[in-house]
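Work through the exercises below with the sequence and the coordinates at hand. Each task is followed by a solution in steps.

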Amino acid sequence: MANWTVIIDIAKKQLLTKFKSTAIAALGVTFGIGAYITLVSFMTGLNNMLDDLILNQTPHIHIYNEIEPSKKQPVDIYDAFKNSFNVVHSIKPKLSQKKIHNASPIIHFLNKNKDVKGAIPQIKTQIFYIAGSIEIAGNLTGIQPIDEARLFNFRDYIIAGSPEKLKNTENGILLGSGIAKKMALSVGDRVQISTIKGDLFPLKIVGLYQSGVSDIDAIQSFVNIKTVQRILGEAENYITDINVKLYDIEKAISLSKKTEQQFNVTAIDIKTANAQFETGTSVRNMITYAVSIALLIVAGFGVYNILSMLIYEKMNDIAILKAIGFSGNDVQYIFMSQALIIGVIGGALGLLIGLIFTNIISTIPFKTEALAKVDTYPIDFNVWYYVIGFSFAIISTFFAGYLPSLKAKKIDPVKIIRGQ
Amino acid sequence: METVLEAKNINKYFKKPVLFHVLKDINFKINKGEFVSIMGKSGCGKSTLLYILSTMDTEYEGELYLNNDLITGDSRQKLTLIRNKHIGFVFQFHYLLSEFTVLENVMLPAKKLGEKSVKEIEKDALEKLRILNIEHLAHKRASQVSGGEKQRVAIARALINNPLIIMGDEPTGNLDSHNADNVFNIFKKLSVEENLSLLIVTHDEDFANRTDRIITMEDGRIIHE
């Protein structure tokens with residue numbers, strides 16, 4: 001039978017008389033938890049930002065026609081050579097068209113799938129930017145601006161102008177910021193482009209695009225899909241790429257495989273294309289947790305140390321408590337409650353410190369070319385980190401308190417009293 | 001006469017460092033209201049006996065009765081409760097919890113027992129302090145009162161649950177003659193007025209001679225009762 005009010009009362013009094021060492025033990029926990037909260041919020045914030053940077057503008061499934069050699073060369077099909085070892089020199093890619101055959105029905109079909117958030121067409125082509133007598137090679141992509149903005153955060157990468165403006169201007173172009181700088185152009189100016197075949201087209205700059213990767217920004221520009229079709233002299237069904245965004249990224253692999261088989265196209269899912277990002281994320285998470293757990297173990301040793309010393313000092317008190325009718329369990333509860341009091345107070349302060357630190361960090365300016373829309377360091381505020389952090393504090397102090405308290409429980413009062 | 005505490009054929013061995021027969025066939029009774037002292041030379045086993053009687057030491061042979069109930073072989077949990085409720089303890093050293101006030105020290109065993117409300121316990125504790133003439137110390141920290149006063153606080157604490165018997169291990173051993181006298185008078189008064197049984201281990205012959213009965217021990221045996 002444990003009488004908790006008395007036990008907590010004794011535990012509190014003993015801690016208060018040893019305020020300094022108690023405070024130091026609690027501070028150990030505080031710093032451990034504070035560091036955990038700060039680290040995990042900051043690291044996850046950065047992770048999310050980097051993931052967004054890459055993954056949000058990347059289609060979950062990218063469908064196109066790959067130019068590649070046939071997997072089965074004619075000699076493989078010919079029965080007479082079936083059992084012989086065939087070597088074919090100088091294999092050339094198979095002659096095929098760049099455009100996706102029957103693109104519109106495919107898009108229509110994909111958009112009806114309930115897992116698909118949206119499937120939109122693109123046309124990719126090479127062009128030259130003409131600046132006087134200089135020709136600069138570049139990429140021109142025909143898009144549906146509004147849908148791109150809706151599905152792939154396209155708006156985040158437009159530093160001047162807007163997707164709507166591009167949509168409403170028939171001969172408009174969103175010029176890459178690098179090429180704009182090279183040619184000293186800005187919004188409202190006109191730029192001439194030339195197709196590979198040599199046809200010249202004047203386009204009006206309605207905005208500037210900046211992805212953050214300067215190699216891309218130096219060549220890439222966007223126009224309306226119809227504009228590209230006109231420039232290239234192709235029909236309205238000329239589509240080179242289809243980008244698909246799903247509701248659940250996990251379904252990308254299966255759907256891409258299915259699409260590949262069904263329509264005889266190449267479909268790359270995001271997991272295959274960006275496997276390294278997931279590895280990076282999980283490694284960063286692992287480091288965060290390893291550091292936090294190391295800090296908490298150190299804090300745990302601090303608590304262990306303080307309690308061991310306290311028990312050593314309070315040997316007489318323990319004996320007398322046992323003599324006047326406190327059981328071994330009662331005495332153990334006293335020291336366990338002390339450990340938990342340290343854990344709760346230290347943990348709560350740690351959460352507070354973590355909250356303050358992350359708030360401070362989230363106001364520090366963080367300006368970078370690569371991330372046009374980011375002004376301050378990214379922090380992921382998530383209530384779960386606080387729940388986990390607090391549980392960490394309780395669990396680590398519980399274990400730190402358990403061993404010393406077990407020792408206190410086993411102290412034989414007769415030995416102590418007679419030993420005087 | 002009503003028997004409060006009875007020991008039957010108590011034998012105790014120390015196994016370390018060598019096997020040693022420390023208590024040999026101890027038999028005695030203590031009646032209600034009796035003031036008994038145990039005397040003997042150092043090492044004759046009197047303190048060992050006291051700790052067996054107090055239920056703190058359970059490694060012995062023989063039988064122990066408290067209020068005619070056999071308590072030998074009871075679980076630790078039950079013995080703890082018995083110690084809390086029926087046995088009051090006074091040691092040579094004062095053993096108060098120094099972080100607590102005098103009053104809180106006295107209240108502690110009753111709070112642990114938890115049979116009364118805190119208000120009632122406080123009233124009882126003040127009453128016990130008044131009996132021992134140390135009411136004025138109630139709100140002082142235990143570490144701030146003198147040795148003689150501490151021993152009286154310890155007695156008040158031993159009394160708080162109205163025990164059947166008070167046991168003392170040389171309670172006056174560490175006090176000057178004036179304070180020792182004081183403590184004796186308190187014990188005597190409790191024995192006479194409250195009809196409380198007392199069992200005190202002592203070296204002090206003057207003290208022992210003034211008690212109702214002296215149990216003398218030598219080499220683990222009772223040689224005179």
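Domain bounds, as used in the first exercise, come from an automatic or database domain assignment. The model is predicted.

**Exercise 1. Overall form of chain A**

Task: State how chain A is divided into domains, and compare its radius of gyration with that of a compact globule of 420 residues.

Solution: 
- Step 1. Domain 1 of chain A takes in 4-55 + 277-419, while domain 2 takes in 61-71 + 95-273.
- Step 2. Between the C-alpha centres of these two domains of chain A there are 52 Å.
- Step 3. For a compact globule of 420 residues the radius of gyration would be near 22 Å, but that of chain A is 34 Å.
- Step 4. Along the principal axes, the C-alpha atoms of chain A fill a box of roughly 105 × 65 × 40 Å.
- Step 5. The secondary structure of chain A consists of 16 helices and ten strands, and 39% of its 420 residues are buried.

**Exercise 2. Overall form of chain B**

Task: Apply the globule comparison to chain B, with its 225 residues.

Solution: 
- Step 1. A compact globule of 225 residues would have a radius of gyration near 17 Å; the value for chain B is 17 Å, so the two agree.
- Step 2. The C-alpha trace of chain B spans about 50 × 40 × 40 Å along its principal axes.
- Step 3. Chain B contains seven helices and ten strands, and buried residues account for 49% of its 225 residues.
- Step 4. Of the contacts in chain B between residues at least 6 apart in sequence, 73% join residues at least 24 apart.

**Exercise 3. A strand residue**

Task: Decide whether B:Ile165 is buried or exposed, and list its contacts beyond four places in sequence.

Solution: 
- Step 1. B:Ile165 belongs to strand S7 (residues 165-169) of chain B.
- Step 2. The cut-off for burial is 20 or more other C-beta atoms within 10 Å. B:Ile165 has 22 and is therefore buried.
- Step 3. Apart from neighbours within four places, B:Ile165 is in contact with B:Val4, B:Leu5, B:Ile30, B:Ile87, B:Ser197, B:Leu198 and B:Leu199.
- Step 4. B:Ser54 is 111 residues away from B:Ile165 along the chain, yet their C-alpha atoms are separated by 9.8 Å.

**Exercise 4. Where the chains meet**

Task: Describe the side of chain B that touches chain A.

Solution: 
- Step 1. Contacts link 24 residues of chain B with 18 residues of chain A.
- Step 2. On the chain B side, the elements giving two or more residues are helix H1 (46-53), helix H2 (76-86) and helix H3 (102-113).
- Step 3. H2(B) supplies the largest share, six residues.
- Step 4. By class, this side of chain B has twelve nonpolar, five polar and seven charged residues.

Technical notes: Residues are numbered from 1 along each chain as its sequence is written. Chains are lettered from A and ligands numbered from 1 in the order in which they are written. This is a predicted model: local features need pLDDT of at least 70, side-chain atom pairs count only at pLDDT 80 or more; totals for chains, interfaces and linings use all residues. Two residues are in contact if their C-beta atoms, placed from the backbone, lie within 7 Å. Helices (H or I, at least four residues) and strands (E, at least two) are DSSP runs, numbered from the N terminus. Ala, Val, Leu, Ile, Met, Phe, Trp, Tyr, Cys and Pro count as nonpolar, Asp, Glu, Lys and Arg as charged, and the others, Gly among them, as polar. The radius of gyration is taken over C-alpha atoms; the globule rule is 2.2 Å times the number of residues to the power 0.38. A residue is buried if 20 or more other C-beta atoms lie within 10 Å of its own, exposed if 12 or fewer, and partly exposed in between; C-beta atoms are placed from the backbone.
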